[in-house]
Amino acid sequence: MKETGSLSPTVYIVDDDVSIRESLSSLLRAEGMLVEVFASPLDFLAQERLKDFSCAVLDVRMPGLDGLALQDELSRRNWQLPIIFITGHGDVPDAVRAMKAGAIDFLKKPFEDFALLQAITSALSHVSSEFHKKLECAELQARYDQLTPREKEVLALVVQGRANKVIAYELGISESTIKVHRHNVMSKMRFRSLPELALALQRLKPGG
């Protein structure tokens with residue numbers, strides 16, 4: 001499960017080596033990223049939610065649950081998170097398995113800072129467009145939630161193509177009142193045309 005958070009990207013680092021966690025954390029924070037570090041996959045999996053605009057840097061070899069097993073578990077939970085693997089072992093089968101399962105990159109330690117930053121940039125580009133779509137949808141939902149119950153009723157009928165006269169009859173109010181409600185709806189939702197608004201509403205689940 002994911003949550004919409006800061007506009008700054010979050011990078012999750014999962015590595016049992018404290019020196020690696022600290023050095024990578026320092027590097028990424030210097031680049032303006034938010035960083036959360038975990039000493040083990042189980043610590044990472046204890047989270048209830050992940051940030052929308054995020055990716056993970058996972059060590060391959062760790063005691064207990066390793067990085068590849070963590071990738072499998074994330075997939076099982078349907079936590080769609082771009083992953084970059086780092087490893088001190090150039091194990092080709094592991095790299096092939098990770099990439100086939102959707103990993104963005106597989107870096108062998110020691111690696112250059114720019115190589116990791118490039119991989120993270122690639123990973124975040126995968127989620128950036130989806131992240132911004134969710135932000136737009138959240139803003140749209142906030143506008144919808146500002147409508148009065150009557151305005152929501154009118155809107156639901158308007159987007160079905162009903163004429164003002166028909167809506168007035170169905171709701172038992174005057175046609176002039178319907179026109180006022182329509183004007184208020186368009187103003188609050190910040191759309192100039194009804195077709196644009198109707199299309200946008202398809203991305204929402206009105207009712208809240």
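Residues 24 or more positions apart account for 65% of the chain's contacts that have a separation of 6 or more, where contact means heavy atoms within 4.5 Å. This is a predicted model, in which local features need pLDDT of at least 70 and side-chain atom pairs count only at pLDDT 80 or more, while totals for chains, interfaces and linings use all residues. Residues are numbered from 1 along each chain as its sequence is written, and side-chain values use heavy atoms, with hydrogens and water left out.

The chain holds nine helices and seven strands; these are DSSP runs numbered from the N terminus, with helices being H or I of at least four residues and strands E of at least two. Of its 208 residues, 40% count as buried, a word that stands for under 20% relative accessible area, against over 50% for exposed and partly exposed in between, with a 1.4 Å probe and protein chains only.

**The sheet**

- Let's begin with the open sheet, whose five strands follow the order β3-β2-β5-β6-β7 with parallel pairing; two strands pair if DSSP finds at least two bridges between them.
- At the edges sit β3 (34–38) and β7 (105–108), each of which pairs on one side only.
- On average, neighbouring strands of this sheet are turned by 20 degrees against each other, direction ignored.
- Strand β2 (residues 10–14) runs parallel to β3 and is joined to β3 by five bridges.
- Along this pairing, T10 stands opposite L34 in β3, and Y12 has E36 as its bridge partner.

**Strand β2 from both sides**

- In a regular strand the side chains alternate between the two faces of the sheet.
- Strand β2 is mostly covered, with five of its five residues buried.
- One side of β2 carries T10, Y12 and V14 and the other V11 and I13, and all of these are buried, so both faces are covered.

**Helices lying across the sheet**

- Helix α1 (residues 18–30) lies across β2, β3, β5 (54–59) and β6 (83–87).
- The direction of α1 is at about 170 degrees to β3; axes here are lines fitted to C-alpha atoms, for helices over the stretch in contact, and angles run from 0 to 180 degrees between N-to-C directions.
- Helix α3 (residues 67–76) lies across β2, β5 and β6, and runs at about 165 degrees to β6.

**Aromatic rings and a charge**

- A pair of aromatic rings is described by the distance of the centres and the angle of the planes.
- Rings of Phe, Tyr and Trp (its six-membered ring) pair if their centres lie within 6.5 Å; planes under 30 degrees apart count as stacked, over 60 as edge-to-face and the rest as tilted.
- By this rule there are four aromatic pairs.
- One of them is the edge-to-face pair of Y12 and F44, at 5.3 Å centre to centre and 65 degrees between the planes.
- Because Y12 lies in strand β2 and F44 in helix α2 (residues 41–45), this pair ties together parts that are 32 residues apart in sequence.
- Both Y12 and F44 are buried.
- The pair of F85 and F106 is tilted, because the ring centres are 6.0 Å apart and the planes stand at 40 degrees.
- With F85 in strand β6 and F106 in strand β7, the pair ties together parts that are 21 residues apart in sequence.
- F85 is buried at 0% relative accessibility, and F106 is buried too, with a relative accessible area of 17%.
- Ring pairs also link Y12, F38 and F44 into a cluster.
- The charged end of R77 sits over the ring of W79, 5.1 Å from its centre; the rule asks for NZ of Lys or CZ of Arg within 6 Å of the ring centre and within 35 degrees of the ring normal.

**Helix α8 and its partners**

- The axes of helix α6 (residues 149–158) and helix α8 (residues 175–189) come within 9 Å and cross at roughly 90 degrees.
- From α6, R150, E151, V154, L155 and V158 meet I178, H181, R182, N184, V185 and K188 in α8.
- The axes of helix α7 (residues 164–171) and α8 come within 8 Å and cross at roughly 105 degrees, so α7 is roughly perpendicular to α8.
- N164, K165, I167, A168 and L171 of α7 make this contact with E175, I178, K179 and R182 of α8.

Methods
Angles under 35 degrees count as roughly parallel, over 145 as roughly antiparallel, 65 to 115 as roughly perpendicular and the rest as oblique.
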